[in-house]
Amino acid sequence: MLMSIDSIAKSYNAFPNPPAKVLHDVTLKVDTGEAIGLVGESGSGKSTIAKCMLALIRPEAGAITYDGIDVIHAKGEDLRRFRREVQMVFQDPYGSLNPRMTVEELIGEGLLIHKLEPTAAARRARVAEMMEMVGLNPNDMDRYTRSFSGGQRQRIAIARALVIRPRILVCDEPVAALDVSVQAQVINLLQDMQRKLNLAIVFVAHDLAVVRHLCERIVVLHKGKVVEQGTREQIFDNPQMPYTQSLLAAVPVPDPVVGRARRAARRLETAN
Amino acid sequence: MRTVHPMPDQSAVTPLRQPLVTVDKLTVDMPLGRSGSSVRIVDGVDFSIGVGERVALVGESGSGKSLTARALMRLDRLARLSGRVDFDGTDLLKLSDRDMGRLRGSSIAMVFQDPMSFLDPLMTIGDQVAETLRIRGVGKAEARKRALAVLDELGVDRAAERLDAYPHEFSGGMRQRVVLAMALVGEPRLLIADEPTTALDVRVQDQVLDLLDDVSARRGLAVLFITHDLGVVAGFAERVMVMYSGRIVEDGEVASVFAKPSHPYTQGLIKAVPRIDQDLNTLYAIPGAPPPPLARPNGCPFHPRCDQRFERCDKDLPALLQVGLSRVACHLHDGQQHDRHPHDRKGA
């Protein structure tokens, strides 16, 4: 087990109302090299869990352990190692990349901060290698992000996260802002990276079809609680909880025959 | 070789329906700053929508799908429109602003993606729904009565009590019902829905789609549904038009387009979407990205990303031609001889 989250709870201040409790007693674990999907509707707490896993926010109760490090209280060398080995990719590649930095600076920043490559030439070589790996042209290293499309920007964001060889990549809706024809490129890239680098991926998404495609294990969240978790087959082929069942039944299928049959069946069920 | 009719024959696409809207060579140019130059976002679009027909308009960001729909209502003041938009015998592009204003809400209505930014937070739900009618001179009591009836029709619980509630007291799905009520209270014949369910959770999206389904069937309301979600298209629409780079590249019945897409872009889109009901090893990914409107490639705008291109594709722009029951803009289907014969390939 690489990371474990034990009974965490988190509230956000909502003055003048009482604090809003967004996570209640959430427990889950992440194994080396596995892709795990956190799914749920808006307000289910999936992004809050991702932020807790990245130590961007602190839960009020419970514990988060990453490879022997107490994440919530980590300091010094432990915290630096945690920050190096757990990386993130955000939803909006337009907002998450500094427009004043070149691609080389963006991708190489982690190498510089963690002092992984002592010389500029060595950093440049690592950046070039990484760009090639995610399907970017290393000759574009000196360009700024404004001239890249959404899909290419998300590749830059992924390269920037992976260049320091993390063991966990937390992705919060990484394809939600992309066009349909480009989504598949980024999903395939994440899948490829997971296999090649033995990377654990925590994939936060509301699109259940994408999660089914990418993740081997699924955690279903509702109102800050884990409703059900299990393997892809358990969740998608044989969901146990009524909430999971209703969530899956509502996903539209891009096939008129299957899609219409599913909708008709579900409407009949709600009518009875 | 399949039979190809050189002239687009629209009656073949919607054989049983009276056309409600007929769009002919519509172009939309948007000005670039104050320079006086402009960029052509919608580049000559022809289609028609039958009475009570549900048509989905699919495309990626920048494909021109929203601007096409907005042009039908002449919503963008800065946009320069040309061509014809024939609605029930009148050319909307020739109407005065005043006459166009009368038509909005009563003949053609529109709902948008984000219900919260569309609703006025300081106005009650009842007043907002009734506003369309009040503007047309309907009395206060009568307008309120009709607003109530529409909210009821759309399944807003305890509608009578909630007429005096404010938008913040409603959930996302309920707000989308209110927005729909605002659009429907004037009894339009065409509803343009611009990504109305994109911001909603799947279970709420499903309810809103059911609602639209019922309303459209009950009222004989034509719906132009703009979306990028092929799942929504498959479940809701009867016909689908696929836009790419400012043009329609395929237009046909939903069942036949999904079963046998003709345009390589449509084929790619359908293969690129992961499905909840089956496992795939790797997703098909269309290489590259859609071209920006200022840098459209020569010939077919899709050719740099197309896996079936041949020598003519980077030279001539393919016209939208009748192919079987669909219309397709692709040199593979224009009936002329070429070196490759992808018609013979097995499956799509």
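Predicted model: local features only at pLDDT ≥ 70, side-chain atom pairs only at ≥ 80, totals over all residues.

Me: At what angle do H5(A) and H6(A) pack, and how far apart are their axes?

Reply: The angle is about 20°, and the axes of H5(A) and H6(A) are 9 Å apart. Angles under 35 degrees count as roughly parallel, so that is what H5(A) and H6(A) are to each other.

Me: Is the crossing of H5(A) and H6(A) left-handed or right-handed?

Reply: H5(A) passes H6(A) in a right-handed crossing.

Me: How many residues of H5(A) are buried?

Reply: 13 of its 13, so to speak: H5(A) is mostly covered.

Me: And what span should H5(A) have at 1.5 Å a residue?

Reply: H5(A) covers residues 150-162, and its 13 residues should span 18 Å. The end C-alpha atoms of H5(A) are 18 Å apart, which agrees.

Me: Switching to H3(A). Which residues there are buried?

Reply: H3(A) runs over residues 103-113, and its buried residues include Val103(A), Leu106(A), Ile107(A), Gly108(A) and Gly110(A). Helix H4 (120-133) of chain A is among the elements that cover them, and H5(A) is another.

Me: What follows H3(A)?

Reply: Lys115(A) does, with a positive phi, near 50°.

Me: Now chain B. Which residues of H8(B) and H9(B) meet?

Reply: From H8(B) you have Gly172(B), Gly173(B), Gln176(B), Arg177(B) and Leu184(B). They meet Val204(B), Gln207(B), Val208(B), Leu211(B) and Val215(B) in H9(B).

Me: What about the geometry of H8(B) and H9(B)?

Reply: H8(B) is residues 172-184 and H9(B) is residues 202-219; their axes come within 10 Å and cross at roughly 20°. H8(B) and H9(B) are therefore roughly parallel to each other, and H8(B) passes H9(B) in a right-handed crossing.

Me: Okay, zooming out. How many helices and strands does chain A have?

Reply: Chain A has 10 helices and 10 strands. With 272 residues, the globule rule gives 19 Å for chain A, and the radius of gyration is 20 Å, close to that, so chain A is as compact as a globular protein of that length. The C-alpha atoms of chain A fill a box of roughly 70 × 45 × 40 Å along the principal axes.

Me: What percentage of chain A is buried?

Reply: 44% of the 272 residues of chain A count as buried. As for contacts in chain A with a separation of 6 or more, 64% are between residues 24 or more positions apart.

Me: And the secondary structure of chain B?

Reply: That comes to 12 helices and 13 strands in chain B. The radius of gyration of chain B is 21 Å, close to the 20 Å from the globule rule for 348 residues, so chain B is as compact as a globular protein of that length. Its C-alpha trace spans about 70 × 50 × 40 Å along the principal axes, and 44% of the residues of chain B count as buried.

Me: Last topic. How many residues does the contact take from chain A and from chain B?

Reply: 33 residues come from chain A and 34 residues from chain B. On the chain A side, the elements giving two or more residues are helix H6 (180-197), helix H7 (208-214), helix H9 (242-249) and helix H10 (256-271) of chain A.

Me: Which gives the most to that side of chain A?

Reply: H6(A), with seven residues. That is the helix whose residues also meet H5(A).

Note on methods: Residues numbered from 1 in each chain as written. Chains lettered and ligands numbered in written order. Helix = DSSP H or I, 4+ residues; strand = E, 2+ residues; numbered from the N terminus. Expected span 1.5 Å × (residues − 1). Buried ≥ 20, exposed ≤ 12 C-beta atoms within 10 Å, placed from the backbone. Rg over C-alpha atoms; globule rule 2.2 N^0.38 Å. Contact = placed C-beta atoms within 7 Å. Axes fitted to C-alpha atoms, helices over the stretch in contact; angles between N-to-C directions. Parallel < 35°, antiparallel > 145°, perpendicular 65-115°, else oblique. Left-handed = near helix turned anticlockwise from the far one by under 90°.
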